[in-house]
Amino acid sequence: MASAAAAGQGGSAPPLTVQRGIVKMVLSGCAIIVRGQPRGGPPPERQINLSNIRAGNLARRAAAGQPDAKDTPDEPWGFPAREFLRKKLIGKEVCFTVEYKTPQGREYGMVYLGKDTSGENIAESLVAEGLASRREGIRTNNLEQSRLAELEEQAKSAKKGMWSEGSGSHTIRDLKYTIENPRHFVDSMHQKPVNAIIEHVRDGSVVRALLLPDYYLVTVMLSGIKCPTFKREADAPEVPEPFAAEAKFFTESRLLQRDVQIVLESCHNQNILGTILHPNGNITELLLREGFARCVDWSIAVYTRGAEKLRAAERFAKERKLRIWRDYVAPTANLDQKDKQFVAKVMQVLNADAIVVKLSSGDHKTIHLSSIRPPRLEGDSTQQDKNRKLRPLYDIPYMFEAREFLRKKLIGKKVNVTVDYIRPASSATETVPAFSERTCATVSIGGINIAEALVSKGLATVIRYRQDDDQRSSHYDELLAAEARAIKNGKGLHSKKEVPIHRVADISGDTQKAKQFLPFLQRAGRSEAVVEYVFSGSRLKLFMPKETCLITFLLAGIECPRGARNLPGLVQEGEPFSEEATHFTKELVLQREVEVEVESMDKAGNFIGWLHIEGVNLSVALVEHALSKVHFTAERSSYYKALLAAEEAAKQKKEKVWSHYEETPVEEVVQVLEEKERTANYKPVFVTEITDDLHFYVQDVETGAQLEKLMENMRTEVGNHPPVEGSYSPRRGDFCIAKFVDGEWYRARVEKVESASKVHIFYIDYGNKEILPSTRLATLPPAFSTRVLPAQATEYKFAFIQVPQDEDARADAVDSVVRDIQNTQCLLNVEHLGPGCPHVTLQFLDSKSDVGLGLVKEGLVMVEVRKEKQFQKVITEYLNAQETAKSARLNLWRYGDFRADDADEFGYSR
């Protein structure tokens with residue numbers, strides 16, 4: 001410094017070199033660290049001490065390992081001086097001159113804000129604010145020193161800073177280096193942002209922060225992420241992991257000594273986890289997005305701004321192979337986009353974590369749910385009875401509940417499949433069986449992640465992975481959160497209650513048990529069942545939920561092609577189309593809820609009967625699709641006519657089992673049928689109900705007296721022996737009696753049971769439906785069953801007309817029909833059969849005018865054109881009426897013939 005003064009006196013010293021840099025850190029009121037521009041890595045840096053001035057020292061913590069050492073507090077006005085420089089200089093470009101360098105390498109000089117020495121002189125600003133003083137012993141023999149002396153005098157006169165009255169003790173911080181109970185401290189903040197200054201950056205994701213206004217000095221680890229670190233070993237230099245220095249510089253250059261807000265989120269091993277918020281962005285997400293950090297499972301759950309944001313940022317870096325991900329290969333990198341994400345139909349639930357789906361190509365594919373583990377036997381439960389075969393579905397706790405959850409949610413539904421990874425095939429070991437290659441995916445339906453739903457109900461657990469194992473669900477964090485909720489609420493596998501036990505009797509093939517069970521099933525009429533397995537087109541294994549048993553069920557009335565069979569010593573080939581029949585039955589009924597009517601059993605203990613799914617008789621469906629023939633035993637059945645009609649239609653197509661069918665004299669009969677006149681055999685009926693889709697129910701007038709007598713006797717019987725309220729437990733398909741709004745009892749059938757207070761019933765003699773509590777239902781006395789008098793309400797549909805699809809237009813047509821014919825006697829003629837119910841024409845009793853034709857004339861419906869010759873006369877009459885309505889622009893036609901170009905838009909089809 002003396003030499004610098006001497007040079008100033010002589011005036012012959014060469015001008016000092018002006019250097020530039022960016023202020024990285026302010027060490028105190030008179031020392032800063034300046035860095036250069038980064039070029040291919042962290043830039044060089046150097047410490048510059050301001051010459052000729054002195055500011056108060058900052059507090060220092062006692063050195064570790066020295067028991068006698070004590071913490072050193074701030075000197076008065078030391079912290080305000082540091083803050084003055086921090087706010088003015090951090091991240092700014094400055095220029096500086098080095099006046100001299102000590103033998104120890106410490107550099108002293110002048111610092112100016114800006115690119116040249118014309119900028120603000122930092123030393124002068126400090127002295128002017130009373131935050132620093134001239135060094136003692138400095139002579140004012142040059143302009144700079146004279147200027148400092150002048151500024152110091154002005155600050156003294158104005159009593160600024162250290163020259164103000166008092167000792168300056170109010171500027172000394174009460175620094176707290178440790179927190180006794182970090183968890184309590186974090187909880188007390190209630191995850192509200194706390195003002196702070198970042199004092200030190202240890203690595204990209206760990207910082208030392210000064211919490212304001214209470215001056216807690218804490219170490220904060222960024223929640224949810226981890227950057228490469230510097231490995232420290234005793235007596236050895238730090239060894240940085242790849243990109244550790246770059247990650248540290250990335251955080252330093254943005255946060256070091258910046259004013260920030262920190263959300264304290266959790267506490268882990270005395271370290272505080274948090275998120276640092278800066279006006280320019282969230283450093284946690286930035287580090288991930290730039291490839292400087294990876295997500296960590298153990299702390300991502302506490303990240304308050306949503307784990308998905310972190311995963312998305314990490315995914316962005318992975319896809320671009322940035323920095324730590326430069327060698328990254330995605331688990332599904334070898335898959336085409338169409339194989340990574342697709343929509344498929346669920347055909348079967350194999351296990352609590354595996355399903356079979358049908359792709360758009362028609363192929364079937366097994367999909368495993370990513371990152372979850374189904375229920376399994378634990379501990380003592382593995383000690384099974386040696387004489388009893390383990391049945392995982394029923395013997396493993398919660399396996400049945402998990403399978404049923406998936407079955408009810410998914411079977412027959414379309415789901416979105418996103419493949420997360422392919423687990424390669426593994427060979428068997430002493431403890432683990434061999435596994436084939438598995439496609440693991442996230443399966444969702446209606447926006448619900450099925451795996452997450454399973455886990456949240458405690459019906460599966462989440463697999464834990466190594467941190468660097470990327471083969472996991474794309475929604476792994478949601479799975480972990482769902483599991484935490486399930487554990488907290490004691491759901492399923494995490495429950496402290498008794499494990500549910502399923503005692504399911506398998507009576508398939510057990511002739512003795514089957515004989516005992518047969519009368520019960522025959523009396524039950526239609527029983528609920530779930531198809532557990534399909535052996536062939538007509539042979540199935542059923543689970544009867546109410547009876548809690550498994551039975552083998554054979555379809556009645558048909559002769560289905562036999563499949564291949566393995567016999568001792570040889571393999572018997574299957575008959576033609578046996579595989580197609582099996583595939584058809586699987587697609588239609590496997591793992592679906594069905595209704596069965598048991599008629600008899602064979603000598604092997606297999607039950608024989610009829611199976612219905614959503615109103616479809618499976619025997620009829622197989623015959624209809626030319627995959628079975630009608631068996632002579634069907635003649636005794638009420639389904640014989642439907643089977644014959646289906647077989648006749650299949651024969652005409654000459655497909656599958658009828659591919660070699662040769663028609664004999666049938667052709668002549670068909671010609672005669674085509675040429676015959678339309679039969680008009682009108683019979684009197686009473687219209688009791690009109691539905692919203694313009695179907696209607698009628699009673700036969702001829703049997704009206706029988707119905708009235710039966711109802712009178714039934715009500716007398718019920719009056720004499722009133723049912724106990726609530727004693728009846730309704731089941732779908734049961735016949736019962738129901739109390740209508742008029743207080744009278746009527747015969748009904750249970751269609752659906754939502755709960756005890758919501759039972760959907762159908763009045764079988766009138767055709768109307770209602771939702772009633774079970775307290776208004778009772779058992780149908782046997783003397784008034786459908787065997788005594790069949791259900792009197794028969795469903796029909798208008799022939800030759802097409803009902804509008806538009807709701808308002810359809811409602812107009814329905815209103816007109818209700819007004820004209822409900823609760824009136826009409827004349828009915830069956831024109832032809834159709835799916836669901838016969839198609840008929842209806843006439844008013846008095847005028848004999850056609851009701852359907854009247855609807856066409858009023859423009860309320862359109863004509864359905866049929867090509868059969870016998871109908872051409874009546875079709876022509878209907879079409880003429882339609883043209884008249886069009887010309888008059890009535891109702892549907894009020895805007896002209898809308899069908900030409902916008903039928904679909906308005907909800908109509910030609």
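Biologist: In this predicted model, which residues does M347 touch, leaving out residues up to four places away in sequence?

Modeller: A contact list is read by asking which heavy atoms come within 4.5 Å of one another. For M347 the list holds V356, V357, K358, H364, I411, E587 and L590, once residues up to four places away in sequence are not counted. One of these, V357, is ten residues from M347 in sequence, and the two C-alpha atoms are 5.3 Å apart in space.

Biologist: Where is M347 found, and is the residue buried or exposed?

Modeller: Burial is read from the relative accessible area, and the label "buried" applies under 20%. M347 is found in strand β19, which covers residues 341–351, and it counts as buried because its relative accessibility is 6%.

Biologist: How is I396 to be read in the same way, and which residues is it in contact with, leaving aside its neighbours within four places in sequence?

Modeller: I396 lies in the loop between α11 (392–395) and α12 (399–410), and with 12% relative accessibility this loop residue counts as buried. Leaving aside neighbours within four places in sequence, its contacts are P375, R376, L377 and R391. The pair I396 and P375 is separated by 21 residues in sequence, while their C-alpha atoms are 6.9 Å apart in space.

Biologist: What share of the contacts in the protein chain, counting those with a separation of 6 or more, comes from residues 24 or more positions apart?

Modeller: For contacts with a separation of 6 or more, residues 24 or more positions apart account for 62% in the protein chain.

Biologist: How should I read strand pairing, and which strands does β34 join by bridges?

Modeller: Pairing is read from bridges, and two strands pair if there are at least two bridges between them. Strand β34 (residues 593–601) is joined by five bridges to β28 (residues 526–536), and these two run antiparallel; six bridges join β34 to β35 (residues 607–613), again in an antiparallel arrangement.

Biologist: Which strands does β38 join, and which residue of its hairpin takes a positive phi?

Modeller: Strand β38 (residues 683–690) runs antiparallel to β47 (residues 825–832), with four bridges between them, and F686 stands opposite Q825 in β47. Five bridges join β38 to β39 (residues 695–700), also antiparallel, with V687 standing opposite V698 in β39. In the hairpin of β38 and β39, which has four residues between the strands, L694 takes a positive phi near 70°.

Biologist: Where are K159 and F243, which have a positive phi although neither is a glycine, placed in the chain?

Modeller: Here the backbone angle is read together with the place of the residue and its accessibility. K159, with a phi of about 55°, is in the loop between α4 (143–158) and α5 (182–188), and it counts as partly exposed because its relative accessibility is 46%. F243, with a phi of about 70°, is found in the loop between β14 (239–240) and α6 (244–255), and its relative accessible area of 19% makes it buried, since the cut-off for that label is under 20%.

Biologist: Which residues does a cis peptide bond join, and what is omega there?

Modeller: The cis peptide bond joins L212 and P213, with omega about 5°, and P213 has its place in the loop between β10 (206–211) and β11 (216–222).

Biologist: What remains to be read for the surface and the charges?

Modeller: The accessible surface comes to about 48600 Å², and carbon and sulfur atoms hold 49% of that. The chain has 124 positive and 126 negative charges, whose mean positions are 6 Å apart.

Terms used
Residues numbered from 1 in each chain as written. Predicted model: local features only at pLDDT ≥ 70, side-chain atom pairs only at ≥ 80, totals over all residues. Heavy atoms only, no water. Areas by Shrake-Rupley, 256 points an atom, 1.4 Å probe, with all protein chains shown as cover. Lys, Arg positive; Asp, Glu negative; His and termini not counted. Charge placed at Lys NZ, Arg CZ, Asp CG, Glu CD. Buried < 20%, exposed > 50% of the residue type's maximum accessible area, 1.4 Å probe, protein only.
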